[in-house]
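Please look over the sequence and the model, and follow the chain from its secondary structure to its sheet and its core.

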Amino acid sequence: MKIKPLADRVLVLPAAAEEKTQSGIIIPDTAKEKPLQGTVVAVGKGTKEEKMELEEGDRILYGKYAGTEIEVDGETHLMMRQSDVLAIID
């Protein structure tokens, strides 16, 4: 399925949550924290007031409660506004 975000929205594939701690303790699914970084999969064209700064393939940081979860080809993605993105990771 191909999804094209509109206006200033971006589609993000969240990074996988940590499975183990540095000491080797396995973290159960219920205790895993939501990842706060991911990869941009698709971007909109922006708006008249705000041009699109993000590109497909950018690794980003976003807020804890940013975006709306959607299912795309069996994987959970986040649809969010560009303004919800905190930074691009180099």
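In this predicted model, the chain has six strands and zero helices. Along the sequence the pattern reads β-β-β-β-β-β.

The six strands make up an open sheet with antiparallel pairing, in the order β4-β5-β1-β2-β3-β6. The edges of this sheet are held by β4 (68-72) and β6 (85-89); each has a single partner strand, so one side of each is left without a neighbour in the sheet. From one strand to the next, the twist averages 45 degrees. As background, strands in a sheet pair through backbone hydrogen bonds, in either a parallel or an antiparallel manner.

β3 and β6 run antiparallel and are joined by four bridges. Ile-60 has Ile-88 in β6 as its bridge partner.

Ile-60 also belongs to the largest nonpolar core, which has twelve residues.

Some totals describe the chain as a whole. Of its 90 residues, 27% count as buried. The accessible surface comes to about 6,400 Å², and carbon and sulfur atoms account for 52% of that surface. Among contacts between residues at least 6 apart in sequence, 61% join residues at least 24 apart.

Methods
Residues are numbered from 1 along each chain as its sequence is written. This is a predicted model: local features need pLDDT of at least 70, side-chain atom pairs count only at pLDDT 80 or more; totals for chains, interfaces and linings use all residues. Side-chain values use heavy atoms; hydrogens and water are left out. Helices (H or I, at least four residues) and strands (E, at least two) are DSSP runs, numbered from the N terminus. Buried means under 20% relative accessible area, exposed over 50%, partly exposed in between (1.4 Å probe, protein chains only). Contact means heavy atoms within 4.5 Å. Accessible areas come from the Shrake-Rupley method with a 1.4 Å probe; for residues, only the protein chains shown count as cover. A nonpolar core is a set of buried Ala, Val, Leu, Ile, Met, Phe, Trp, Tyr and Cys residues joined through side-chain atoms within 4.5 Å. Two strands pair if DSSP finds at least two bridges between them. Axes are lines fitted to C-alpha atoms, for helices over the stretch in contact, and angles run from 0 to 180 degrees between N-to-C directions.
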